[in-house]
Amino acid sequence: MAKSLRLYFVLAFGFAWTFWLASALASRGIITAPSAVQTLLVLLGSFAPFIAAFIALYRDGRWSAMRSFAGRSLRYRIKLPYLACAFFLMPLLGYVAALIHGDLGGPPAVLSMSIGQVPVLFLVLFLVGGSVNEEFGWAYAIDRLQERYPLFPATVVLGIIWGLWHLPLFFIVGGSQSFMPFWAFLMFTIGARLLFVWAYENNGKSILVTLVFHTTTNLTLSLFVLLDRSPRHDERGFIAFGVLGLLAGAIAATTRRFRMARCPVPTDSLSS
């Protein structure tokens with residue numbers, strides 16, 4: 001199983017970083033590519049975890065393993081507290097971060113878009129904004145990591161890996177990550193991954209709940225002005241969001257599921 005996990009990470013990083021580094025070079029004028037091509041490169045690279053997971057699954061158990069794993073994205077019987085958190089926790093944390101930022105001299109904590117725009121943006125972000133692109137892959141990774149480690153350290157390690165996987169995006173001029181301090185982003189990915197896995201493990205390893213959680217996380221960055229794209233480059237809004245995300249993840253980590261020595265790994269993640 002260790003070989004499959006190594007294969008997954010090599011593919012997830014190699015595929016994404018190839019496209020993203022090309023986009024970063026183009027954004028800095030080192031190579032020539034239109035802005036539309038640069039955006040396409042970012043989008044293509046974001047699907048690396050999805051592609052890598054299904055390649056690794058095929059190696060593990062061929063088509064049956066792939067079908068069974070994909071079916072977990074349709075597990076819609078999600079317990080109400082977790083579903084509520086998946087939809088509303090990140091926007092709430094974003095609002096509190098915006099309030100803190102406003103008190104420190106930042107913009108007021110108001111919605112930066114109309115409510116009518118939210119459903120359409122949610123759907124776009126769900127399908128191509130990072131959720132479907134990534135969460136199948138990170139679900140595969142956490143299942144594999146649990147074969148060797150308890151859930152809490154496995155999730156923290158995955159949160160760090162998840163943050164590092166985004167590293168080339170910080171060098172793309174004008175990209176969202178270029179307006180974030182990397183250390184705060186890494187802090188946030190650890191906290192967010194603890195929350196995602198908390199919901200995932202407590203709902204029969206439903207990938208659907210992590211898809212919703214990831215979508216509302218990205219949506220929050222559009223709902224409130226947490227990224228300062230002006231020359232002032234005020235990072236305090238996102239830092240506050242990162243701290244709150246880490247604190248929320250730390251609370252989730254105190255629950256019973258994280259205290260278990262091992263969590264059961266579904267058979268679709270095992271070789272036939």
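Let's start with helix α7 (residues 151-165) and helix α8 (residues 182-201): their axes come within 8 Å and cross at roughly 135 degrees. This is a predicted model, so keep that in mind as you look around. With an angle of roughly 135 degrees, α7 and α8 are therefore oblique to each other, since only angles over 145 degrees count as roughly antiparallel. The crossing of α7 past α8 is right-handed.

Which residues of α7 meet α8? Among them are Leu151, Phe152, Val156, Ile160 and Trp162. On the α8 side, the residues they meet include Phe182, Phe185, Leu186, Ile190, Arg193 and Glu201. Sorted by class, this contact of α7 with α8 has 15 nonpolar, four polar and two charged residues.

## Aromatic rings

Now for the rings. A pair of aromatic rings is described by the distance of the centres and the angle of the planes. The model has 27 aromatic pairs. One of them is Phe238 with Phe241, an edge-to-face pair with 6.3 Å from centre to centre and 70 degrees between the planes.

Where do Phe238 and Phe241 sit? Both are in helix α10 (residues 236-252), three residues apart, which is about one turn of the helix. Are they buried or exposed? Phe238 counts as buried because its relative accessibility is 2%, and Phe241 is buried too, at 0%. The cut-off for buried is under 20%.

## A ring cluster

Ring pairs also link a set of residues into a cluster. Look for Tyr8, Phe9, Trp20, Phe47, Phe50, Phe54, Phe69, Phe136, Trp138, Tyr140 and Trp165.

Methods
Residues numbered from 1 in each chain as written. Predicted model: local features only at pLDDT ≥ 70, side-chain atom pairs only at ≥ 80, totals over all residues. Heavy atoms only, no water. Axes fitted to C-alpha atoms, helices over the stretch in contact; angles between N-to-C directions. Helix = DSSP H or I, 4+ residues; strand = E, 2+ residues; numbered from the N terminus. Parallel < 35°, antiparallel > 145°, perpendicular 65-115°, else oblique. Left-handed = near helix turned anticlockwise from the far one by under 90°. Contact = heavy atoms within 4.5 Å. Nonpolar A, V, L, I, M, F, W, Y, C, P; charged D, E, K, R; others polar. Phe/Tyr/Trp six-rings, centres within 6.5 Å; stacked < 30°, edge-to-face > 60°. Buried < 20%, exposed > 50% of the residue type's maximum accessible area, 1.4 Å probe, protein only.
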